[in-house]
Amino acid sequence: MILNLQNIYKNYNQDKLEVPVLKNISLQVEEGEYVAIMGPSGSGKTTLMNIIGCLDRPTSGSYELAGESVLSLKDRELSSVRLNRIGFVFQSFQLMPRESALNNVSLPLSYAGIKKKERRERAGKALERVGLADRATFKPSQLSGGQKQRVAIARAMVNNPKLLLADEPTGALDSKSGRQVLELFQKLNDEGVTIVMITHDVNVANQAKRILHIIDGEIYDQNPAGIETGEEGSV
Amino acid sequence: MFENLRLSFQGIWSHKLRSFLTMLGIIIGIAAIIAIVSTIKGTNEQIEQNLIGSGSNNVNVQLYQGDWTIDFSYESVPQGVPVISEEILREITDLEEVESAALYRYRQDYDGVYYQNTSLSGGYVYGVDRDYFITCDLLVQKGRGFVDKDFTDFHKVAILDEDSANALFQGENPIGKTIEVRQQPFVVVGVVTKKDVFEPVINSMEDYYTYAQDSSGKVYIPEAVWPVPYRYDEPQQLVVKAGSTSDMTGAGKKSADILNGYLTVSDDTVSYRSENLLEQAKQIQQLSESTNRMLIWIAGISLLVGGIGVMNIMLVSVTERTSEIGLKKAIGARKTMILGQFLTESAVLTSLGGVFGVLVGIILAEVISKLSDMPVAISIPAAAAAVVFSMVIGIVFGLIPSYKAANLDPIVALRHE
């Protein structure tokens, strides 16, 4: 089991008021799964994603990543978990605007202390994997939205993590580019990468093998009747 | 590290105007300090040059009574000052600091030296040994120098320096002419001149009193015939040539110590002492430095202001790049890496400022020297220290912004658009 979250609670302090965001969430994901998490904005899905991505800590509960309890890890060790075992893809790509595609992809490799020559090689291969080998020297401003997101996916995958976390990966893309990104996810999943994706788009979520719903901080396997968790997208 | 440097230069280059304005405080501060230090160094070198002259590194070791040299024109010869023998002299020349040494006696004579009716008033008469001219870097310009026979056969010959030749002969060729020293005839056989003619730079009356050289002229005769115009058994003086300018103090002190070891005087205020030109130079230097030191502190304030400016811009830069920092942390950058990146950027920024500051400072120093006749000397160690110091400023004032960046919460940072 790659993800095992038990009884996760998360409260935020707002003006001395404890606001519960996640309530008693338990979630298991097996290796090689492709999971979509749906929910309206404010439902807590990004918070859950941050906890899964070791960017945030829950108020209470337990979380094992590939059998290892990560909540007891120090900041430094969490950095290493994020570096080697998790890949992140964001809605707004988050590329370094002044760096070439190749340099953007090799950024995590430099954090892993890999020598320049090997960095270039591996980043080049990762770009090949997302079909952008010919755009290696391009700056983000010279790339289309879809290409930017594929560079971001190459960056997420360059350290060969087992888990890919995507937060609204098609949210800023037109339908054609969105489809390309989803095809890429499918290909990665076929190669054995576990994918957890947040979306509020039903059509995007339908690409996944399993769909979960978050409403008001609680998680459901099925969409509870009467509550709108997503909207019809154009994909 | 290398990656951080590349990123820093890229960041600085992409905000050229902002980076330049940020550096300006550092540039002005460093430039001011370099200009001041160059002026101090230039003045110091000039003081030393003026006092020591160029190249000869001569130190006189003379017999003192109390704080004054003994003038044998008026005073009697003190008891217990032995003749400086060959052995004693060898002891001195064997000193590590001493290149060569020579013995001499001298008088300032107001009414003793004549050529026909012309008097060399206030001139000096030197009774010198064989090594004197070599030790003092005196070269024969006309005629000949002293030869062994002059000493062994008591030849009454004299050699003039240029000043005395001019004063006595006024352009006439002095070689072969006879001059009188205390009514004794001496035949002029040569004219000598200093190997390196050195004119001290004199900018004020004060400088004149401190540095002006006596130009009354000198007449040299072999020591063997000294007793002819003057007295027997007058104590000898010593002049040593030190191996280098920095050895002058040591050479003088040690030689004086050796000579004093042979004294058996009853009056214990009588002793050999070396003139210490370096020490004298240092005292004058300290006087001139103390005023300029204040200026360095004032320039230091500019550096402080510059440092605060750097801190301010770095804080802005951290805020601007919040989402970049968030992303980097999300994909696995550790705190220390973020800290390193921002510290490097800040240090590169101020180091560049330091380099520009040194260049501007050098130009400023040259301009000052052109405009005001102040001597300047660029000090390489000071320039290097200035660059290192500006790097330290960058690190110190970059600490707070870098620390802030390193401790940004990645979630907050990522949400920041």
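The expected span of a helix is 1.5 Å times one less than its number of residues. In this predicted model, helix 2 of chain B, residues 16-52, spans 50 Å from its first C-alpha to its last. That is close to the expected 54 Å for its 37 residues. Chain B also touches chain A, with 15 of its residues in contact with 18 of chain A.

- Helix 2 of chain B carries a kink of about 40°. The kink is centred on L24(B).
- Chain B is assigned two stretches, 2-50 and 283-415, as domain 1. Domain 2 of chain B covers 58-242.
- The centres of domain 1 and domain 2 of chain B, taken over C-alpha atoms, lie 57 Å apart.

**Contact between chains A and B**
- The contact involves 15 residues of chain B and 18 residues of chain A.
- On the chain B side, helix 1 (2-14), helix 10 (322-330), helix 11 (335-372) and helix 13 (410-415) each supply at least two residues.
- Helix 10 of chain B gives the most to this side, with four residues.
- The chain B side has seven nonpolar residues, four polar and four charged.

**Positive phi in chain A**
- Most residues other than glycine have a negative phi.
- D15(A) has a positive phi near 50°. D15(A) sits in the loop between strand 1 (3-14) and strand 2 (17-29) of chain A. D15(A) is exposed, because 5 other C-beta atoms lie within 10 Å, and the cut-off for exposed is 12 or fewer.
- F93(A) has a positive phi near 65°. F93(A) lies in the loop between strand 6 (86-89) and helix 3 (101-111) of chain A. F93(A) is buried, because 22 other C-beta atoms lie within 10 Å, and the cut-off for buried is 20 or more.

Terms used. Residues are numbered from 1 along each chain as its sequence is written. Chains are lettered from A and ligands numbered from 1 in the order in which they are written. This is a predicted model: local features need pLDDT of at least 70, side-chain atom pairs count only at pLDDT 80 or more; totals for chains, interfaces and linings use all residues. The bend at a residue is the angle between axes fitted to the seven residues ending there and the seven starting there. Two residues are in contact if their C-beta atoms, placed from the backbone, lie within 7 Å. Ala, Val, Leu, Ile, Met, Phe, Trp, Tyr, Cys and Pro count as nonpolar, Asp, Glu, Lys and Arg as charged, and the others, Gly among them, as polar. Domain bounds come from an automatic or database domain assignment.
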